[in-house]
Amino acid sequence: MTGATHGTAAAAAGGRLRVVVIGAGIVGACCAAYLRLEGHEVTLVEAEAPAAGASAGNAGAISPGSCIPLSMPGTLRKAPSWVLRKDGPLVVRPGYALTALPWLLRFVAAGRADRVDGIADALRALHGPVHECYRPILAAAQAQALLRRSGCLVVYRSAAAFASARGEWEMRRRRGIDWEKVDGPRLRELVPALAPDFACGVLQPDHGYVVDPRGLVRRLVAQMRSDGADLVQGRARDIGSSSDRLDIVLDDGRKLAADRVVLAAGAWSRPLAAKLGAAIPLETQRGYHLHLRAPRIDLPLPVSFAEGKFYATPMSDGLRLAGTVEFAGLRAAPDYRRAHRLAEMAGRWLPGLGLDGASEWMGHRPCLPDSLPVIGPSPRDPRVLLAFGHGHNGMTSAPATGRLVADMVAGRRPFIDPSPYRPDRF
Ligand SMILES: Cc1cc2nc3c(=O)[nH]c(=O)nc-3n(C[C@H](O)[C@H](O)[C@H](O)COP(=O)(O)OP(=O)(O)OC[C@H]3O[C@@H](n4cnc5c(N)ncnc54)[C@H](O)[C@@H]3O)c2cc1C
């Protein structure tokens with residue numbers, strides 16, 4: 001592609017374009033898959049390997065009904081414990097607290113009562129069509145078996161814990177999301193491995209999970225390559241623009257010419273976006289998993305432990321315990337004690353759980369303070385589309401992002417209203 005300008009006329013006509021997608025996580029892979037389905041000349045640029053980032057080790061939950069903003073009224077009250085309690089589900093490392101402070105203040109502001117309903121609507125719009133949006137790209141890659149529509153169960157140890165979450169369940173109900181409260185005995189029918197001390201739970205029948213998140217990204221990328229797309233290994237360090245094309249500059253000096261660029265580099269997107277004049281307040285919320293290859297128990301569906309704030313997901317090659325939030329930036333070494341704390345809780349709540357051969361992992365959730373991603377044109381050059389910041393829900397929101405990006409590249413009316421995700425909202 002280097003140096004070629006043949007896409008420019010097509011760009012003007014809205015036809016076949018040269019599109020470079022930066023980042024081969026689930027978001028970049030879904031964008032590239034949609035663009036390739038439409039016949040564009042797609043090049044995926046990846047610094048390491050497909051699914052090198054957050055998309056490999058997540059809990060895999062596919063949650064069309066996930067619409068509760070991470071910051072809600074009352075968030076400020078909880079903030080001091082984030083710094084003071086070293087082993088809580090959410091921590092800010094003391095050495096990183098000052099760096100994270102401006103982001104945390106915006107996060108608290110996004111939880112104001114007059115903002116959360118609008119954010120919940122925008123999350124619902126992006127997550128609701130997840131199954132419909134995965135369908136064409138999974139079918140093209142013959143990867144349908146990687147996504148199971150099993151439902152998902154959230155479990156509560158006390159009636160009081162459920163009561164304190166009731167308002168959020170009603171927020172979901174008002175948005176047409178289906179859920180059913182399940183009492184203790186029925187819980188154990190659904191998940192016999194669960195300890196007897198859970199009072200109740202909530203079943204979300206429309207939910208599901210990806211049995212191998214890394215495998216899904218790799219299958220999408222492999223399919224695009226066999227359809228003629230390119231995968232270039234290299235780290236994008238700059239995007240230059242002239243009137244007839246964009247030039248993506250890689251770390252080793254190589255240049256790729258394009259008519260459109262999609263920036264989908266997850267938690268690493270901020271510096272490139274800044275070079276394009278977009279000051280996006282992107283922060284990493286680090287999360288951990290412990291993957292158990294011989295768990296000795298069976299779960300028929302993902303179980304989310306409300307009090308522990310983590311998931312247990314039955315993956316194709318074992319059981320994965322995943323969750324926790326740590327603010328410590330992109331460079332600090334992982335603290336795998338956080339992953340092992342998940343095992344302590346899971347050992348109590350899933351008696352008989354086998355921990356032999358467990359492996360740990362840490363990944364970077366790309367998070368914006370208002371719980372929404374950015375999807376849309378960069379303010380300085382609308383030929384560059386930003387698609388990052390999918391936070392805790394990227395496996396769920398990636399396919400709708402891919403479809404929106406394909407709509408934007410084609411210049412047609414987007415299939416959902418993209419205005420809540422516009423990059424210039426900050
Ligand atoms: C513990 C944990 C549990 C989670 N559970 C769930 C869940 O159950 N359900 C759900 O929906 N979501 C979940 N998530 C969130 C989800 O994993 C993320 O939102 C999603 O993976 C983000 O995808 P991404 O493609 O934006 O980023 P990433 O997967 O991080 O991909 C970014 C890619 O860009 C590459 N890159 C970076 N910089 C450059 C550059 N300059 N040039 C070229 N390439 C570059 C990286 O190498 C990487 O491969 C979870 C996350 C964590 C950490």
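These legends describe close-up views of a predicted model. Local features are given where pLDDT is at least 70, side-chain atom pairs count only at pLDDT 80 or more, and totals for chains, interfaces and linings use all residues. Residues are numbered from 1 along each chain as its sequence is written.

**View 1. Helix H8 covers residues 159–174.** Helices (H or I, at least four residues) and strands (E, at least two) are DSSP runs, numbered from the N terminus. H8 has 16 residues and reaches 22 Å from first to last C-alpha, close to the expected 22 Å; the expected span is 1.5 Å times one less than the number of residues. After H8 comes Gly176, with a positive phi near 75 degrees.

**View 2. Six strands form an open, mixed sheet in the order E10-E2-E1-E14-E21-E20.** Two strands pair if DSSP finds at least two bridges between them. E10 (230–233) and E20 (374–377) each have a single partner strand, so one side of each is left without a neighbour in the sheet. Strand E2 (residues 41–46) pairs with E10 in the parallel sense over four bridges, and Val45 stands opposite Val232 in E10.

**View 3. Strand E21 (residues 384–388) is mostly covered, with five of its five residues buried.** Val384, Leu386 and Phe388 point one way, and Leu385 and Ala387 the other. In a regular strand the side chains alternate between the two faces of the sheet.

**View 4. E20 and E21 pair in the antiparallel sense over four bridges.** A hairpin of six residues joins E20 to E21. Val374 stands opposite Phe388 in E21.

Conventions: A residue is buried if 20 or more other C-beta atoms lie within 10 Å of its own, exposed if 12 or fewer, and partly exposed in between; C-beta atoms are placed from the backbone.
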